[in-house]
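Please open the model in your viewer and keep the sequence panel beside it. The tour below goes from one selection to the next and says what is found at each stop.

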Amino acid sequence: MTNTPVALAAAQARTRLHELTVIDVRTPGEYASGHLPGAVNVPLDHLRRALPEIRHAAERGDVLVVCASGARSENACRLLAEHGIPTATLTGGTAAWASDGHDLHTPAACDTRSGWSMERQVRFTAGAIVLLGLALGFLVHPAFQLLAAGIAGGLVFSALTDTCGMAVVLGKLPHNRPRAADLDAALAELRGR
């Protein structure tokens, strides 16, 4: 692979899965809800800390970066390319993988917390804030409707820029943060590849 991120379709990735180091950059909660077989969880906001281990894995073979839909993995691939680490991203992410009928692995219930995908968390939070703004605007003061308008504006901005500030904020919540031991284990696994 070159230092320019390459995109692999789910079918292509599946045929090469045995030779790829798969890095899942979603939050631990999303990872626990189902991930590609053999994927190592290194959340996007911890990617810089894992650069030496990912470089080591890339020296031994090809690296595939995955997320829920492909947007975060593309960002991760660009970051890794800036550091001279060749990578590929899974087109459509784990959603495309699952929709093609490929299995997602889930950890044993006692080993980790399962959770909602980040997309689901954002939809729930945005919807709840909009409803709250509308209800408070009707019951307390019309100015509370600006809360709903602010969320609507944020969603439009998110779509236009392909970024999501709400996802960044939600990613900082405890259930979306990796425990130190989990991240250390992921880094050790990458060193061993």
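Helices, as the word is used here, are DSSP runs of H or I with at least four residues, numbered from the N terminus. With that in mind, and remembering that this is a predicted model, begin by selecting helix α5, which covers residues 93-99 and holds Thr 94.

Show the side chain of Thr 94 and ask: is Thr 94 buried or exposed? Its relative accessible area is 7%, and since buried means under 20%, Thr 94 therefore counts as buried.

Now select the strands, five of which form an open sheet with parallel pairing, in the order β1-β5-β4-β2-β3. At the edges you will find β1 (6-8) and β3 (40-41), each of which pairs on one side only. Then turn to β4, residues 63-66, and β5, residues 88-90, which are joined in the parallel sense over two bridges. To see a bridge between residues, select Val 65 together with Thr 89, its bridge partner in β5.

**The largest pocket**

For the next stop, select Arg 72, Met 118, Cys 164, Ala 167 and Val 168, which, of the 30 residues lining the largest pocket, lie nearest its centre. The elements that give two or more residues to this lining are α4 (71-82), α6 (118-139), α7 (145-161) and α8 (165-171), so colouring these helices will show which parts of the chain contribute in this way. The volume of the pocket is about 830 Å³, and if you colour its lining by class, you will find 13 nonpolar, eight polar and nine charged residues.

**The whole protein**

Finally, zoom out until the whole protein is in view, with its nine helices and five strands. Taken along the principal axes, the C-alpha atoms fill a box of roughly 60 × 40 × 35 Å. Of the 193 residues, 39% count as buried, while the accessible surface comes to about 10,100 Å², with 61% of it belonging to carbon and sulfur atoms. Among contacts with a separation of 6 or more, 71% are made by residues 24 or more positions apart.

Key. Residues are numbered from 1 along each chain as its sequence is written. This is a predicted model: local features need pLDDT of at least 70, side-chain atom pairs count only at pLDDT 80 or more; totals for chains, interfaces and linings use all residues. Side-chain values use heavy atoms; hydrogens and water are left out. On a 1 Å grid over the protein atoms alone, a cavity is a set of points where a 1.4 Å probe fits but cannot get out, and a pocket is an open set with protein on both sides within 12 Å along at least five of seven lines; lining residues have an atom within 4 Å of a point. Grid points are joined across faces, edges and corners, and a volume is the space filled by probe spheres set on the points. Ala, Val, Leu, Ile, Met, Phe, Trp, Tyr, Cys and Pro count as nonpolar, Asp, Glu, Lys and Arg as charged, and the others, Gly among them, as polar. Buried means under 20% relative accessible area, exposed over 50%, partly exposed in between (1.4 Å probe, protein chains only). Contact means heavy atoms within 4.5 Å. Accessible areas come from the Shrake-Rupley method with a 1.4 Å probe; for residues, only the protein chains shown count as cover. Two strands pair if DSSP finds at least two bridges between them.
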